[in-house]
Amino acid sequence: MNLLQKRHVLESFERAKATKAKAFRDELPTWCPGCGHFTPLQGLYEAAERLEIDAKDFVLVSGIGCSGRFPFFIKGFGLHSLHGRAIPVATGVKLANPELNVVVVGGDGDGVGIGGGHFPHAARSNLDLSYLLLDNAIYGLTKGQTSPTSPMGMVSSTTPYENISKPLNASTMALTYGATFVARVFSQEKDQVTDLITQAIAHKGFSFIHVLSPCIEFHKTITYESVEESVAHLPSDYTPDDHVEALVLSESTDPIYTGLFLEKKSPSYEDRMNDVKAGLQKPVASV
Amino acid sequence: MNKNGVTVRFCGNAGDGIVTSGKIWSGALAQMGLDLMVNDNFSAEIRGNGKSTTDIRVSPKKVRSMGDGIDVLVAMSDEEAIVELGDVKSTGFVIYDCDDSEEARENHPLTKHIPGNIKAYPVPLKVFSNQTTNSNIGRNIVSIGALSYLIGLPSDMFVKLIKDKLLKKGERVAQMNIDAFSLGRNFCRENFGQHTSLDVPEGLKPKTMITGNAAVAQGAIDCGLKFFAGYPITPATTIMEIVAKELPKNGGWMLQTEDEIAAISSVLGSWFAGKRAMTSTAGPGLALMSEMINMGVMSEIPLVIANVQRGGPSTGLPTKSEQGDLNIAMYGGSGDSPRVVMAPSTCEECYTGIQLAFDLAEKYQTPVIFLSDLFLGQQTVVNSLTPKVEKERSTRIKPTDDALMDYNRFQSTKTGVSPWVVPGEEGAFYSITGLEHSETGNPNFDAGVHIRMQDKRSKKFESMKADLPTPKILGDKDAKIGLTCWGSPLGAIIEGMELAREEGVSSKLISSVMINPQPEKEFQKFFDSCVHIIIPEMNHSGQYASVMKSRYGIRPIEVHCPGVLTVSPRQIADKIKEVNV
């Protein structure tokens, strides 16, 4: 274990204790010490505090995988659903009670692997959900198999010679699907993580945050060091309102940009639904 | 012909307007106040290369099933009609499309197939259609004109209905079709004379019609449905279509999802947030939903799934009826996964049953699978529903203020049902999971906890027995022959029992909308009083019989009618008589 990794391990213990101290729940996070997921969890706490979200109105829905355990560590209602199904489950929660703040958390296997068919539809509908995809480019909970975002050439127990398929880029996917808020962050940049989660929850419509969250236990090539070296903030003069420019920058691999790619004001699915319903109430003009 | 009413079959190719013929014929007869049942039978193709038939049985008394055989065959396509001739009763007749000349009649491809004892009426459908509508499209209307005369019904109701149906296409189109109707009618009057006379009793009130699928949709909306998610699939789609239109007017919403998995997932999400929700599907969709149904069992979240069964396995026979999904409904989940399974037998039970499904699901926090079938879902019958409207209905058991002080989502109780707080409510919050969990809801894999929670989940099914409706018991209570059945064959089975009784053998029947759990005491008592037990059902392996055998230790005589062939009254009567020997 090098110095940087040691630092992360120590930090994550501190965070775990902080979690407990805040008495959000009586459960300590179950992740490996040093896991990239602690920071977004912390970011979520702070965002909920900043936005003064009442625990009774906060619902966190997750799928299966390391990220799936999020609901047990937050102050609010949690729904640890099935592998790949967090988005449609959250859709039902939100449409049943649009007053609730609904956040979806999932991993790369969950979101663009088994659940890849749901992601475009939540995005194109512009449902008022916030979706955090914690991308560690590996199946961590089943001990290190190749995932849909694993780089080409990666060697793992399921690609013992090498991974010969190209990885998916979740940020680009979200942009293509029509999400109205798309951001990418490196999980270790705590302030950026917290700020973007806060903005995402406040955004009316489908917001997506692609969190690069290395797996310290199993990933041999995507590590804190490698991600730290390859990421860069979006240019300071970049404004997140140009869809095409956002796509170009999200595809860049050198550097891998982090920050807010796109933020668009557009009526949410719930707004449109309410318009339709309101139209039905109006008396029909006699012919 | 008249005692059991008249069954008419319109037969042709997909696109011949067969279903429309059925609608006009049945619509007029319902307006006259007669009881009726319509069964459409079509191929999976939209136009061309597929056969389409529609049967309409009409009677002055209650119509319980499509009965045995048909009285009238209206052949729009000669080729397709040949095999249908076998179903025509000896007192019946056939109307077919033939030019008005001796020669045309002799050379007609259908003539040589029509048995000598069946009367045949050649009517120039195509010619009259072209004379009036300038195309072949009005052939079905000409045939209705012919039929209305041969069966001795007045023309006014038909004319009114054709006008009502076609006025939206313009007055000219409506008049063309009325002319087509009149040509067919007058031709028969001039050439043949009336075949029979269907007596329509005086003083009958006009009736409206409804399908089983519409009754399911209406029942759900009337008892507080707030959210529906679904994916189109034959033969369940009409439920979704009706809900899409009606639910937004009633404070709810219908979401068309990207697949059945998303549909059931968002239904679970809605119930988690405390709102009554459902989906509708058929076998292949139910198979896709099975993992999320299991999640509902484990996390004690209600689900209501109306599954309109069709022929299987796999994509199977999308437009044919079968009762093949009982196994997947009962057992289609990993682990020990008890769920409520219900099956309506009539259109009325589609309405009352789906309301019971919601009540049980919400009170006992469990998935309910409601097994209708294509035959019941698509058949049109006279609407005799007694609406029970309660738009904010809820059977959720909420915690007392004291219980909220130390709230556990899965608190153990005598009934196995834990008081339930939903998001947005003050006092308590929690997380649920598809993992095994303790009373708090947090994951827990201890053997003791697993056994305790399995006990809790199955205990709910024992407690539920207090809320089950009494089973229907019919027939002669001293009979030694007993039958039991589930779902749509009930009507045909009752008719079969009546036939057998007329022919000297009495029998009795027990049936319940509840398949799991079931009012077991009543069933056990009934079976104990029988010497022979007959279980007819519309599948190949006897799925319901298997459940009955393991649950009650009985050794029934099984009658399997796999798909396509619905259970027929004659078949049941013959079986009862055979067993009696």
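## Strand pairing between chains

A:His80 stands opposite B:Thr433, a residue of β15(B). This is a predicted model. The two strands involved, β2(A) and β15 of chain B (residues 431–433), run parallel and are joined by three bridges.

## The side of chain A that touches chain B

The contact between the chains draws on 33 residues of chain A and 37 residues of chain B. On chain A, the elements that each supply at least two residues to this side are β2 (77–80), α3 (86–96) and α10 (269–281). The most comes from α3(A), which gives eight residues. By residue class, the side of chain A that touches chain B comprises 17 nonpolar, 10 polar and six charged residues.

## An open sheet in chain B

Chain B contains an open sheet of five strands in the order β16-β18-β17-β20-β21, with mixed pairing. From one strand to the next, the twist averages 20 degrees.

Within chain B, strands β17 (residues 481–484) and β20 (residues 532–537) run parallel and are joined by three bridges. B:Gly482 has B:Ile533 of β20(B) as its bridge partner.

## Helices on the sheet

Helix α19 of chain B (residues 543–552) packs on the sheet and touches β17, β20 and β21 of chain B. The direction of α19 makes about 145 degrees with that of β20(B).

Helix α20 of chain B (residues 569–580) lies across β17, β20 and β21 of chain B. Relative to β20(B), helix α20 runs at about 160 degrees.

Technical notes
Residues are numbered from 1 along each chain as its sequence is written. Chains are lettered from A and ligands numbered from 1 in the order in which they are written. This is a predicted model: local features need pLDDT of at least 70, side-chain atom pairs count only at pLDDT 80 or more; totals for chains, interfaces and linings use all residues. Two residues are in contact if their C-beta atoms, placed from the backbone, lie within 7 Å. Helices (H or I, at least four residues) and strands (E, at least two) are DSSP runs, numbered from the N terminus. Ala, Val, Leu, Ile, Met, Phe, Trp, Tyr, Cys and Pro count as nonpolar, Asp, Glu, Lys and Arg as charged, and the others, Gly among them, as polar. Two strands pair if DSSP finds at least two bridges between them. Axes are lines fitted to C-alpha atoms, for helices over the stretch in contact, and angles run from 0 to 180 degrees between N-to-C directions.
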